[in-house]
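Subject: Structure handover

Hi,

Here is the structure I promised to pass on to you. Please open it next to this email, and read my notes with it in view.

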Amino acid sequence: MRKLAFGKIVTSTHGLREGVISSFLEFPTPFYTENINKDQIQNFVRVSCKPEIIPESIYSPVKPLTFARLIKKQEYKILAHAIKEMSEISLTGDLENIFHMIMDKDIRDLSHREQVLLALSIIYTRKPNTAKQFFIRYRQILKSQDKKSIKKIAAYIGLSTIPERIKAKVKLAAFNENDNE
């Protein structure tokens, strides 16, 4: 600021701090270390990047699939964010705008690739062909198995919205493989 002769600066609430923390973790000696240490910064990052959790009422239809290990940790994390995003945005508008609105969000515990998967999964629930076009556009950062994850997350999104659509509560029943009923 002194070098460029200005007295005020506006910064991002997320990106800049992440970059500074990342640099500090990689090269801690050039930074001011009198009152702060690496462990304090790592703890700050852990606390400020808590994962999204799916509310129990929405999680009920998906729970058996989770217990059966049909959904991976990464997919669960993306699904939790998808459910949150879908409660905050209207999916009746232009899907390209919705995609970019999701991509412009500052979602701390998702990588850029995971955020693309989030947006694609939500778009896939409405228009699979539009999601496929976006997939092609972002293919440099996506993996081939991501197509399967997008379809799976989109299916779970649909499944999780059933109780809300029919205004019902889902009650899990015990299943015994030995029962012939």
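Below is what I found, going from the whole chain to single residues.

First, a word on the source: this is a predicted model.

**The chain as a whole**

Of its 181 residues, 31% are buried. Among contacts with a separation of 6 or more, 63% join residues 24 or more positions apart.

**Helix α7 and its partner α8**

Helix α7 covers residues 112-126 and helix α8 covers residues 128-137; their axes come within 6 Å and cross at roughly 150 degrees. Angles over 145 degrees count as roughly antiparallel, and that makes α7 roughly antiparallel to α8. On the α7 side, the residues in contact are L120, I123, Y124 and R126, and they meet P128, T130, A131, F134 and F135 of α8. Sorted by class, this contact has seven nonpolar residues, one polar and one charged.

How many of the 15 residues of α7 are buried? Twelve of them are, so α7 is largely enclosed by the rest of the structure. The buried set is R113, E114, Q115, V116, L117, L118, A119, L120, S121, I122, I123 and Y124. The length of α7 checks out as well: at 1.5 Å a residue, its 15 residues should span 21 Å, and its end C-alpha atoms are 22 Å apart, which agrees.

I122 is found in helix α7. Its relative accessibility is 0%, so I122 counts as buried. Not counting residues up to four places away in sequence, I122 touches A82, E85, M86, L91, I102 and I157. The C-alpha atoms of I122 and E85 are separated by 8.7 Å, while the two residues are 37 residues apart along the chain.

Helix α5 is made up of residues 73-88. With 16 residues at 1.5 Å each, α5 should span 22 Å; the distance between its end C-alpha atoms is 23 Å, which agrees. Its buried residues are E75, I78, L79, A80, H81, A82, I83 and E85. Two of these, A82 and E85, are among the residues that I122 touches.

**A backbone angle to look at**

Most residues other than glycine have a negative phi. R69 is not a glycine, yet R69 has a positive phi of about 60 degrees. Where does R69 lie? R69 lies in the loop between α4 (63-67) and α5. Is R69 buried or exposed? At 74% relative accessibility, R69 counts as exposed.

That is the set of notes for now. Enjoy looking through the model!

Best wishes

How values were computed:
Residues numbered from 1 in each chain as written. Predicted model: local features only at pLDDT ≥ 70, side-chain atom pairs only at ≥ 80, totals over all residues. Heavy atoms only, no water. Axes fitted to C-alpha atoms, helices over the stretch in contact; angles between N-to-C directions. Helix = DSSP H or I, 4+ residues; strand = E, 2+ residues; numbered from the N terminus. Parallel < 35°, antiparallel > 145°, perpendicular 65-115°, else oblique. Contact = heavy atoms within 4.5 Å. Nonpolar A, V, L, I, M, F, W, Y, C, P; charged D, E, K, R; others polar. Buried < 20%, exposed > 50% of the residue type's maximum accessible area, 1.4 Å probe, protein only. Expected span 1.5 Å × (residues − 1).
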